[in-house]
Amino acid sequence: MVDKDKEAFLNKIVSGLTDLLPLPTTVMAIIKISKNPNSNLQDLVKLLDKDQAMVTRILRLANSSHYGFSKEIKTINHAVVCLGFKTIQNMALTVSVSPMFQQSLDSYLLEKEGLFKHSNAVAVGSRIIAQQQKYVDPDESYVMGLLHDVGKLILDQCAKEQFVDVINLVKKGNISFIEAEEQILGFNHGEIGAKVAEKWNLSSELVETIRFHHNPEQASENNKSVHMVHIANYLVEMMGIGIGYDGLNYDFNEKSLELIGLRNEDMEPLMVSIMNEL
Ligand SMILES: [Fe+2]
Ligand SMILES: [Fe+2]
């Protein structure tokens, strides 16, 4: 495609994003009230009370071993008080987005549940790094990892024909999958994923993390989360969890380790921790 066509193609995809990948209205409403400085925890409880299916899924998550509460959390009111606004928002996002990742993605050679297994492993890896390095909230890190490849869902639907060329290009030569996407489509799945996150009104840190997870050097200086997800993604690729075509010729930025405060010898124990948690 020539540059003009590439730009038109991108605009066409972006204009249809809300229909392609809608976020449940309850989650959109949670994000909206979380951005309103005048809202409080009771507003959140009232909102969730109207969506009992969501409440059931959030309570199941709140009672999982990860949170380690000694007594069962039985009501959404109790969950909101114990866990706070941000964690409930991250839980609502997690339970809504996870089912979207179960489908197979032919363009990326990912079988059914492949993207979910990969994304969940990157999410767990990001959370472990965040817990160790203590600079970003671990629950937030989990969501960043979970969403990093959301753009693949869109490109698998909209660019099936073009992916034949992307894959041929990767197979042919010394080029990473992300570079092949850029060469053929004019953009990569991180950029499209960031557009999805913008439509969903997610935080700018999350948007940037999704956008640059393959090019962390392009992120703003104060966003270490981009490097964290880049490393977690690399570890999970090395572990071979849910990798498809884009695991070929993976570009790893060694500087990310230093920026996060990790060394090469930390990689193996991190992989063991991810495996244990999965
Ligand atoms: Fe990716
Ligand atoms: Fe990935």
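What arrangement do the 4 donor atoms around the iron ion (ligand 1) make? The angles that they subtend run from 86 to 175°, which makes the arrangement irregular; four donors count as tetrahedral if all angles lie between 85 and 135 degrees, four count as square planar and six as octahedral if opposite donors are over 155 degrees apart and all others between 65 and 115, and anything else is irregular.

The model is predicted, so that local features need pLDDT of at least 70 and side-chain atom pairs count only at pLDDT 80 or more, whereas totals for chains, interfaces and linings use all residues. Residues are numbered from 1 along each chain as its sequence is written, chains are lettered from A and ligands numbered from 1 in the order in which they are written, and side-chain values use heavy atoms, with hydrogens and water left out.

The secondary structure of the chain comprises 16 helices and 0 strands, where helices (H or I, at least four residues) and strands (E, at least two) are DSSP runs numbered from the N terminus. For 278 residues, a compact globule would have a radius of gyration near 19 Å, and the value for the chain, 19 Å, agrees; the radius is taken over C-alpha atoms, and the globule rule is 2.2 Å times the number of residues to the power 0.38. The C-alpha trace spans about 55 × 45 × 35 Å along its principal axes. Of the 278 residues, 54% are buried, a term that means under 20% relative accessible area, with exposed over 50% and partly exposed in between (1.4 Å probe, protein chains only). Among contacts (heavy atoms within 4.5 Å) with a separation of 6 or more, 65% are accounted for by residues 24 or more positions apart.

The iron ion (ligand 1) is coordinated at 2.1 to 2.2 Å by Asp149 (OD), His189 (NE2), His213 (NE2) and His214 (NE2). Donors are N, O and S atoms within 2.8 Å of the metal (3.2 Å for Na, K and Ca); water is not among the atoms, so sites may look incomplete. The spacing of these donor residues in sequence is D-x39-H-x23-H-H, and both His213 and His214 are buried.

The iron ion (ligand 2) is coordinated by His118 (NE2), His148 (NE2), Asp149 (OD) and Asn233 (OD1), at 2.2 to 2.4 Å. This site is also irregular, with angles of 82 to 171° among its 4 donor atoms. The two iron ions, ligand 2 and ligand 1, are 3.6 Å apart, and Asp149 coordinates both. Asp149 lies in the loop between α8 (138-147) and α9 (150-158), and Asn233 in helix α14 (residues 224-239), so the pair ties together parts that are 84 residues apart in sequence. Asp149 counts as buried at 0% relative accessibility, and Asn233 does so at 1%.

Helix α8 is mostly covered, with 9 of its 10 residues buried; among them are Asp139, Glu140 and Tyr142. The cover over the buried residues of α8 includes α6 (76-97), α7 (114-133), α9, α13 (204-211) and α14.

Phe163 lies in helix α10 (residues 160-172) and, at 1% relative accessibility, counts as buried. Not counting residues up to four places away in sequence, Phe163 touches Ser107, Tyr108, Leu155, Phe177, Glu181 and Leu185. The C-alpha atoms of Phe163 and Asp106 are separated by 9.4 Å, with the two residues 57 apart along the chain.
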